[in-house]
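Student: Could we walk through this model together, looking at its backbone and its pockets?
Tutor: Happy to; here it is.

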Amino acid sequence: MFGSKATQPAGGEPNANALLAFPSETAPRPAPAPVASAASAAQLAGASTPDAAIPVAPAAAADVLAPAKAPGKTRAGVALFGVFAMLILAAVGVFGFRNIPFRTFVAFQPQPGNLTIQTRPDASEVLVDGERRGVTPITVSLAPGGHVLTVRNGTDERVVPLTIASGSDVTQHFEMRTPEPVALFGRVSVVTDPPGAHVAVDGRPRGISPVTITDLTAEEHIVTVLNDTGSAERKVVVSAGGTASVMFSLAKATGPIGGWLSIASPFDVEISENSDVIGSSGTSRIMLAAGRHDIVLANRAIGFQEVKRIEVTAGKTTAVRLDPPKVGVSVNARPWAEVLLDGATVGETPLANLLIAIGSHELVFRHPQFAERRQTIVVTAKGPNRIAADLTK
(Lines give C-alpha, C1' and ligand atoms only; values in the text may rest on other atoms or scores of the structure.)
Protein backbone atom coordinates (compact mmCIF):
# COMPACT_ATOMS: atom_id res chain seq x y z
CA MET A 1 0.00 0.00 0.00
CA PHE A 2 2.82 2.45 0.76
CA GLY A 3 5.21 0.95 -1.83
CA SER A 4 7.26 2.89 -4.33
CA LYS A 5 4.91 1.98 -7.20
CA ALA A 6 1.47 3.44 -7.46
CA THR A 7 -1.41 1.06 -7.88
CA GLN A 8 -2.35 0.68 -11.55
CA PRO A 9 -5.95 1.44 -12.43
CA ALA A 10 -8.21 -1.37 -13.60
CA GLY A 11 -7.93 -2.32 -17.25
CA GLY A 12 -11.55 -1.42 -17.97
CA GLU A 13 -11.22 2.14 -16.55
CA PRO A 14 -8.02 3.77 -17.87
CA ASN A 15 -9.00 7.21 -16.56
CA ALA A 16 -10.20 6.13 -13.06
CA ASN A 17 -8.63 7.70 -9.99
CA ALA A 18 -6.24 5.28 -8.16
CA LEU A 19 -7.59 6.36 -4.79
CA LEU A 20 -10.93 4.77 -5.63
CA ALA A 21 -9.32 1.29 -5.19
CA PHE A 22 -9.17 1.71 -1.41
CA PRO A 23 -12.02 0.27 0.60
CA SER A 24 -11.80 3.24 2.85
CA GLU A 25 -12.80 5.47 -0.10
CA THR A 26 -15.79 3.36 -1.14
CA ALA A 27 -17.15 2.38 2.29
CA PRO A 28 -18.69 4.88 4.68
CA ARG A 29 -16.09 6.36 6.98
CA PRO A 30 -16.40 7.51 10.52
CA ALA A 31 -15.56 11.01 11.44
CA PRO A 32 -11.76 11.45 11.31
CA ALA A 33 -9.92 11.25 14.58
CA PRO A 34 -7.37 13.85 15.58
CA VAL A 35 -3.96 13.06 14.19
CA ALA A 36 -1.38 12.21 16.90
CA SER A 37 2.33 11.64 16.85
CA ALA A 38 3.78 8.11 16.59
CA ALA A 39 4.83 8.16 20.26
CA SER A 40 1.40 9.15 21.45
CA ALA A 41 -0.16 6.42 19.30
CA ALA A 42 2.19 3.87 20.84
CA GLN A 43 1.35 4.94 24.37
CA LEU A 44 -2.37 4.82 23.66
CA ALA A 45 -1.97 1.32 22.19
CA GLY A 46 -0.16 0.14 25.33
CA ALA A 47 3.15 -0.72 23.68
CA SER A 48 5.71 -2.25 26.19
CA THR A 49 8.86 -1.33 24.33
CA PRO A 50 9.84 1.74 22.42
CA ASP A 51 11.03 -0.36 19.49
CA ALA A 52 7.78 -2.31 19.13
CA ALA A 53 5.89 -1.91 15.92
CA ILE A 54 2.84 0.27 15.91
CA PRO A 55 0.01 -1.93 14.57
CA VAL A 56 -2.33 1.01 13.90
CA ALA A 57 0.14 2.90 11.76
CA PRO A 58 -1.27 1.68 8.41
CA ALA A 59 -4.84 2.58 9.38
CA ALA A 60 -3.73 5.90 10.76
CA ALA A 61 -1.70 6.57 7.62
CA ALA A 62 -4.68 5.73 5.45
CA ASP A 63 -6.88 7.99 7.52
CA VAL A 64 -4.36 10.78 7.23
CA LEU A 65 -3.92 10.36 3.46
CA ALA A 66 -7.61 10.00 2.69
CA PRO A 67 -8.57 13.55 3.55
CA ALA A 68 -5.60 14.86 1.59
CA LYS A 69 -6.73 12.99 -1.56
CA ALA A 70 -10.44 13.88 -1.34
CA PRO A 71 -10.11 17.31 -3.11
CA GLY A 72 -8.44 15.68 -6.10
CA LYS A 73 -11.21 13.07 -6.29
CA THR A 74 -13.85 15.73 -6.02
CA ARG A 75 -12.33 17.84 -8.79
CA ALA A 76 -11.99 14.80 -11.04
CA GLY A 77 -15.62 13.88 -10.46
CA VAL A 78 -16.75 17.40 -11.14
CA ALA A 79 -14.66 17.44 -14.32
CA LEU A 80 -16.20 14.16 -15.49
CA PHE A 81 -19.67 15.42 -14.71
CA GLY A 82 -18.94 18.67 -16.60
CA VAL A 83 -17.66 16.79 -19.65
CA PHE A 84 -20.71 14.52 -19.61
CA ALA A 85 -23.06 17.53 -19.28
CA MET A 86 -21.31 19.33 -22.12
CA LEU A 87 -21.69 16.28 -24.38
CA ILE A 88 -25.42 16.10 -23.60
CA LEU A 89 -25.87 19.84 -24.22
CA ALA A 90 -23.93 19.57 -27.49
CA ALA A 91 -26.13 16.69 -28.68
CA VAL A 92 -29.31 18.56 -27.72
CA GLY A 93 -27.99 21.73 -29.37
CA VAL A 94 -27.18 19.97 -32.63
CA PHE A 95 -30.60 18.31 -32.74
CA GLY A 96 -32.42 21.55 -31.92
CA PHE A 97 -30.28 23.63 -34.29
CA ARG A 98 -31.17 21.36 -37.20
CA ASN A 99 -34.91 21.78 -36.52
CA ILE A 100 -34.96 25.56 -36.07
CA PRO A 101 -36.18 27.33 -39.24
CA PHE A 102 -33.76 30.09 -40.14
CA ARG A 103 -34.78 33.05 -42.23
CA THR A 104 -32.49 33.70 -45.12
CA PHE A 105 -31.09 37.18 -44.90
CA VAL A 106 -30.04 38.92 -48.06
CA ALA A 107 -28.14 42.14 -48.53
CA PHE A 108 -30.25 45.28 -48.60
CA GLN A 109 -31.29 46.16 -52.14
CA PRO A 110 -32.31 49.80 -52.84
CA GLN A 111 -35.88 50.13 -54.13
CA PRO A 112 -36.40 51.85 -57.52
CA GLY A 113 -38.30 55.13 -57.72
CA ASN A 114 -41.17 56.13 -60.00
CA LEU A 115 -40.94 59.14 -62.32
CA THR A 116 -44.18 60.47 -63.87
CA ILE A 117 -43.88 62.88 -66.82
CA GLN A 118 -46.84 64.97 -67.98
CA THR A 119 -46.87 67.51 -70.80
CA ARG A 120 -49.26 69.87 -72.41
CA PRO A 121 -50.01 68.91 -75.11
CA ASP A 122 -49.64 65.14 -74.68
CA ALA A 123 -47.67 62.73 -76.88
CA SER A 124 -44.27 64.33 -76.23
CA GLU A 125 -41.29 61.98 -76.61
CA VAL A 126 -39.52 61.00 -73.34
CA LEU A 127 -35.86 59.93 -73.05
CA VAL A 128 -34.09 58.98 -69.81
CA ASP A 129 -30.27 58.96 -69.93
CA GLY A 130 -30.50 59.02 -73.73
CA GLU A 131 -32.82 55.98 -73.93
CA ARG A 132 -36.30 56.43 -75.40
CA ARG A 133 -38.97 55.38 -72.84
CA GLY A 134 -42.21 56.33 -74.64
CA VAL A 135 -44.53 59.34 -74.95
CA THR A 136 -46.38 61.40 -72.37
CA PRO A 137 -48.24 60.90 -70.15
CA ILE A 138 -45.95 58.14 -68.85
CA THR A 139 -44.61 56.70 -65.59
CA VAL A 140 -41.20 54.98 -65.62
CA SER A 141 -39.34 53.07 -62.91
CA LEU A 142 -35.76 54.29 -62.34
CA ALA A 143 -32.89 53.12 -60.18
CA PRO A 144 -31.98 55.50 -57.33
CA GLY A 145 -29.41 58.10 -58.27
CA GLY A 146 -28.84 60.81 -60.85
CA HIS A 147 -30.54 60.78 -64.26
CA VAL A 148 -31.00 63.12 -67.22
CA LEU A 149 -34.58 63.56 -68.47
CA THR A 150 -35.21 64.78 -72.04
CA VAL A 151 -38.69 65.74 -73.30
CA ARG A 152 -39.25 66.57 -76.99
CA ASN A 153 -42.22 67.89 -78.92
CA GLY A 154 -41.29 68.80 -82.46
CA THR A 155 -38.51 71.38 -82.24
CA ASP A 156 -39.19 72.11 -78.57
CA GLU A 157 -36.83 70.15 -76.28
CA ARG A 158 -36.37 70.26 -72.51
CA VAL A 159 -33.38 68.67 -70.71
CA VAL A 160 -33.67 68.33 -66.93
CA PRO A 161 -31.13 66.65 -64.60
CA LEU A 162 -32.80 65.04 -61.60
CA THR A 163 -32.07 62.72 -58.69
CA ILE A 164 -34.32 59.78 -57.82
CA ALA A 165 -34.40 58.65 -54.19
CA SER A 166 -35.03 55.02 -53.24
CA GLY A 167 -38.77 54.26 -53.26
CA SER A 168 -39.74 57.85 -54.15
CA ASP A 169 -42.50 59.10 -56.51
CA VAL A 170 -41.50 62.14 -58.60
CA THR A 171 -43.76 64.06 -61.01
CA GLN A 172 -42.54 66.45 -63.74
CA HIS A 173 -44.90 68.68 -65.78
CA PHE A 174 -43.87 70.61 -68.90
CA GLU A 175 -45.70 73.21 -71.01
CA MET A 176 -44.51 72.43 -74.53
CA ARG A 177 -44.85 74.64 -77.60
CA THR A 178 -47.50 73.37 -79.99
CA PRO A 179 -45.86 72.36 -83.27
CA GLU A 180 -47.02 74.15 -86.36
CA PRO A 181 -49.49 72.01 -88.32
CA VAL A 182 -48.29 70.61 -91.61
CA ALA A 183 -49.78 72.62 -94.44
CA LEU A 184 -52.12 70.50 -96.56
CA PHE A 185 -54.16 73.30 -98.12
CA GLY A 186 -53.54 76.55 -99.94
CA ARG A 187 -55.42 79.82 -100.42
CA VAL A 188 -56.65 81.92 -103.30
CA SER A 189 -57.21 85.67 -103.11
CA VAL A 190 -59.79 86.89 -105.62
CA VAL A 191 -60.10 90.59 -106.47
CA THR A 192 -62.44 92.09 -109.07
CA ASP A 193 -62.72 95.52 -110.62
CA PRO A 194 -65.29 96.65 -109.85
CA PRO A 195 -65.61 94.72 -106.57
CA GLY A 196 -68.76 92.99 -105.45
CA ALA A 197 -68.77 90.14 -107.95
CA HIS A 198 -69.93 86.68 -106.94
CA VAL A 199 -67.02 84.26 -106.73
CA ALA A 200 -67.20 80.51 -107.32
CA VAL A 201 -64.39 77.93 -107.20
CA ASP A 202 -64.88 74.71 -109.17
CA GLY A 203 -68.55 75.67 -109.49
CA ARG A 204 -69.11 76.17 -105.76
CA PRO A 205 -70.08 79.67 -104.53
CA ARG A 206 -67.36 81.08 -102.22
CA GLY A 207 -68.48 84.64 -101.48
CA ILE A 208 -68.30 88.16 -102.85
CA SER A 209 -65.10 89.71 -104.21
CA PRO A 210 -62.65 90.67 -102.90
CA VAL A 211 -62.42 87.38 -101.02
CA THR A 212 -59.78 84.88 -99.86
CA ILE A 213 -60.63 81.19 -99.97
CA THR A 214 -58.51 79.34 -97.42
CA ASP A 215 -59.43 75.65 -97.69
CA LEU A 216 -58.41 74.74 -101.23
CA THR A 217 -56.44 71.57 -101.91
CA ALA A 218 -53.00 71.85 -103.47
CA GLU A 219 -53.94 71.41 -107.13
CA GLU A 220 -55.45 73.27 -110.07
CA HIS A 221 -58.80 75.03 -109.58
CA ILE A 222 -61.20 77.03 -111.75
CA VAL A 223 -62.20 80.44 -110.38
CA THR A 224 -65.32 82.12 -111.76
CA VAL A 225 -66.57 85.65 -111.05
CA LEU A 226 -69.99 87.08 -111.94
CA ASN A 227 -71.70 90.48 -111.62
CA ASP A 228 -74.57 92.27 -113.26
CA THR A 229 -72.47 93.31 -116.23
CA GLY A 230 -70.80 90.00 -117.07
CA SER A 231 -68.61 87.09 -115.91
CA ALA A 232 -65.06 85.78 -116.23
CA GLU A 233 -63.22 82.51 -115.58
CA ARG A 234 -59.59 81.56 -114.93
CA LYS A 235 -57.51 78.52 -113.91
CA VAL A 236 -55.36 78.89 -110.78
CA VAL A 237 -52.74 76.47 -109.39
CA VAL A 238 -52.78 76.31 -105.57
CA SER A 239 -49.70 75.13 -103.61
CA ALA A 240 -49.71 73.69 -100.09
CA GLY A 241 -49.34 76.49 -97.55
CA GLY A 242 -49.21 79.14 -100.28
CA THR A 243 -51.56 81.92 -101.44
CA ALA A 244 -52.40 82.42 -105.07
CA SER A 245 -53.80 85.78 -106.22
CA VAL A 246 -56.08 86.38 -109.16
CA MET A 247 -57.68 89.64 -110.36
CA PHE A 248 -60.56 90.12 -112.78
CA SER A 249 -61.60 93.29 -114.67
CA LEU A 250 -65.33 93.39 -115.29
CA ALA A 251 -67.56 95.89 -117.01
CA LYS A 252 -68.59 98.64 -114.63
CA ALA A 253 -72.16 99.50 -113.82
CA THR A 254 -73.46 103.02 -114.10
CA GLY A 255 -73.84 103.44 -110.34
CA PRO A 256 -72.64 101.81 -107.12
CA ILE A 257 -74.53 98.65 -106.21
CA GLY A 258 -72.53 97.61 -103.13
CA GLY A 259 -70.42 98.74 -100.20
CA TRP A 260 -67.52 97.48 -98.13
CA LEU A 261 -67.05 95.76 -94.77
CA SER A 262 -64.01 96.32 -92.54
CA ILE A 263 -63.32 94.09 -89.49
CA ALA A 264 -61.08 95.16 -86.58
CA SER A 265 -60.15 92.17 -84.36
CA PRO A 266 -57.25 91.38 -81.96
CA PHE A 267 -56.96 87.94 -83.60
CA ASP A 268 -57.71 86.49 -87.03
CA VAL A 269 -61.33 85.64 -87.76
CA GLU A 270 -62.97 84.02 -90.74
CA ILE A 271 -66.03 85.82 -92.11
CA SER A 272 -68.85 83.81 -93.60
CA GLU A 273 -72.42 84.37 -94.71
CA ASN A 274 -74.97 81.66 -95.42
CA SER A 275 -72.22 79.04 -94.82
CA ASP A 276 -70.04 80.65 -97.51
CA VAL A 277 -66.70 82.17 -96.59
CA ILE A 278 -66.57 85.75 -97.85
CA GLY A 279 -63.25 86.83 -96.39
CA SER A 280 -61.08 87.19 -93.31
CA SER A 281 -60.08 89.94 -90.93
CA GLY A 282 -56.69 90.09 -92.66
CA THR A 283 -58.35 91.69 -95.69
CA SER A 284 -58.54 95.46 -95.44
CA ARG A 285 -62.02 95.66 -96.99
CA ILE A 286 -64.62 93.12 -98.08
CA MET A 287 -67.17 94.19 -100.67
CA LEU A 288 -70.79 93.26 -100.04
CA ALA A 289 -74.01 94.02 -101.76
CA ALA A 290 -75.87 96.93 -100.27
CA GLY A 291 -78.41 95.92 -97.67
CA ARG A 292 -78.69 93.83 -94.51
CA HIS A 293 -76.32 90.93 -93.85
CA ASP A 294 -75.95 88.33 -91.06
CA ILE A 295 -72.28 87.46 -90.90
CA VAL A 296 -70.46 84.89 -88.74
CA LEU A 297 -67.04 85.72 -87.26
CA ALA A 298 -65.13 82.61 -86.16
CA ASN A 299 -61.72 81.41 -85.05
CA ARG A 300 -61.80 77.65 -84.53
CA ALA A 301 -58.30 77.51 -83.02
CA ILE A 302 -59.37 79.43 -79.90
CA GLY A 303 -62.99 78.29 -79.93
CA PHE A 304 -64.49 81.68 -80.81
CA GLN A 305 -67.63 82.32 -82.86
CA GLU A 306 -69.97 85.31 -82.97
CA VAL A 307 -72.87 86.30 -85.23
CA LYS A 308 -73.35 89.97 -86.15
CA ARG A 309 -76.04 91.71 -88.19
CA ILE A 310 -74.76 94.62 -90.27
CA GLU A 311 -76.20 97.11 -92.73
CA VAL A 312 -74.08 97.80 -95.82
CA THR A 313 -74.56 101.11 -97.61
CA ALA A 314 -73.78 101.31 -101.31
CA GLY A 315 -70.48 103.03 -101.99
CA LYS A 316 -69.55 103.21 -98.27
CA THR A 317 -67.48 101.18 -95.77
CA THR A 318 -69.13 99.60 -92.73
CA ALA A 319 -66.63 99.15 -89.88
CA VAL A 320 -67.13 96.38 -87.31
CA ARG A 321 -65.00 96.19 -84.17
CA LEU A 322 -64.72 92.84 -82.43
CA ASP A 323 -64.49 92.84 -78.63
CA PRO A 324 -63.35 89.33 -77.59
CA PRO A 325 -64.86 87.86 -74.41
CA LYS A 326 -62.78 87.37 -71.29
CA VAL A 327 -62.30 84.02 -69.60
CA GLY A 328 -60.66 82.88 -66.36
CA VAL A 329 -56.95 82.03 -66.44
CA SER A 330 -54.90 80.51 -63.60
CA VAL A 331 -51.21 81.45 -63.38
CA ASN A 332 -48.61 79.99 -61.04
CA ALA A 333 -44.82 79.88 -60.73
CA ARG A 334 -42.18 78.11 -58.66
CA PRO A 335 -41.18 79.43 -56.17
CA TRP A 336 -43.25 82.59 -56.91
CA ALA A 337 -43.14 85.45 -59.37
CA GLU A 338 -44.49 88.87 -60.24
CA VAL A 339 -46.65 88.50 -63.36
CA LEU A 340 -46.94 91.03 -66.19
CA LEU A 341 -49.62 90.57 -68.85
CA ASP A 342 -48.93 92.37 -72.14
CA GLY A 343 -46.61 94.72 -70.23
CA ALA A 344 -48.99 95.48 -67.32
CA THR A 345 -48.52 94.06 -63.81
CA VAL A 346 -51.41 91.84 -62.73
CA GLY A 347 -50.08 90.58 -59.36
CA GLU A 348 -47.99 87.84 -57.80
CA THR A 349 -48.48 84.10 -58.14
CA PRO A 350 -50.54 82.14 -57.48
CA LEU A 351 -53.28 83.89 -59.50
CA ALA A 352 -56.61 82.13 -59.93
CA ASN A 353 -59.42 83.06 -62.35
CA LEU A 354 -57.57 86.03 -63.77
CA LEU A 355 -59.90 87.46 -66.45
CA ILE A 356 -58.06 87.70 -69.79
CA ALA A 357 -59.50 88.29 -73.25
CA ILE A 358 -59.25 85.27 -75.51
CA GLY A 359 -56.44 85.34 -78.04
CA SER A 360 -52.66 85.61 -77.95
CA HIS A 361 -50.90 87.35 -75.02
CA GLU A 362 -47.42 87.70 -73.57
CA LEU A 363 -46.74 86.77 -69.93
CA VAL A 364 -43.59 87.84 -68.07
CA PHE A 365 -42.52 86.15 -64.82
CA ARG A 366 -40.13 88.07 -62.55
CA HIS A 367 -38.35 86.91 -59.39
CA PRO A 368 -35.49 88.74 -57.65
CA GLN A 369 -33.32 85.60 -57.49
CA PHE A 370 -33.99 84.11 -60.93
CA ALA A 371 -33.86 85.18 -64.55
CA GLU A 372 -36.90 86.80 -66.11
CA ARG A 373 -39.10 84.36 -68.02
CA ARG A 374 -41.22 85.41 -71.03
CA GLN A 375 -43.94 83.20 -72.43
CA THR A 376 -46.48 83.63 -75.23
CA ILE A 377 -49.83 82.09 -74.41
CA VAL A 378 -53.04 81.55 -76.36
CA VAL A 379 -56.19 81.90 -74.25
CA THR A 380 -59.08 79.87 -75.63
CA ALA A 381 -62.80 80.28 -75.05
CA LYS A 382 -63.26 76.62 -74.12
CA GLY A 383 -60.48 76.39 -71.52
CA PRO A 384 -59.31 75.35 -69.05
CA ASN A 385 -56.50 77.91 -69.26
CA ARG A 386 -53.64 77.15 -66.88
CA ILE A 387 -50.15 78.56 -67.17
CA ALA A 388 -47.23 77.49 -64.96
CA ALA A 389 -43.52 78.35 -64.97
CA ASP A 390 -40.67 76.77 -63.02
CA LEU A 391 -38.11 79.56 -62.56
CA THR A 392 -35.64 77.20 -60.87
CA LYS A 393 -34.97 75.36 -64.14
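Student: Is Asp202 buried, partly exposed or exposed?
Tutor: First, this is a predicted model, where local features need pLDDT of at least 70, side-chain atom pairs count only at pLDDT 80 or more, and totals for chains, interfaces and linings use all residues. Residues are numbered from 1 along each chain as its sequence is written, and side-chain values use heavy atoms, with hydrogens and water left out. Buried means under 20% relative accessible area, exposed over 50%, and partly exposed in between (1.4 Å probe, protein chains only). Asp202 has 47% relative accessibility, so Asp202 counts as partly exposed.

Student: Where is Asn274 found?
Tutor: Strands here are DSSP runs (E, at least two residues), numbered from the N terminus. Asn274 has a positive phi of about 55° although it is not a glycine. Its place is the loop between strand 16 (270–273) and strand 17 (276–280).

Student: What is omega near for the cis peptide bond from Asp193 to Pro194?
Tutor: Most peptide bonds are trans. Pro194 lies in the loop between strand 8 and strand 9 (198–201). For the cis bond from Asp193 to Pro194, omega is near 0°.

Student: What is the volume of the largest pocket?
Tutor: On a 1 Å grid over the protein atoms alone, a pocket is an open set of points where a 1.4 Å probe fits, with protein on both sides within 12 Å along at least five of seven lines; lining residues have an atom within 4 Å of a point. Grid points are joined across faces, edges and corners, and a volume is the space filled by probe spheres set on the points. For the largest pocket that gives about 1,500 Å³.

Student: Which residues lie closest to the centre of the largest pocket?
Tutor: The largest pocket is lined by 41 residues.

Student: Which strand gives the most to the lining of the largest pocket?
Tutor: Strand 6 (156–164) and strand 28 (385–390) are among those that each supply at least two residues. The most, seven residues, comes from strand 27.

Student: And which strand has the largest share of the lining of the second largest pocket?
Tutor: That pocket has a volume of about 650 Å³. Its lining has 26 residues, with Arg187 and Thr214 among the closest to its centre. The largest share, five residues, comes from strand 8.

Technical notes. Helices (H or I, at least four residues) and strands (E, at least two) are DSSP runs, numbered from the N terminus.
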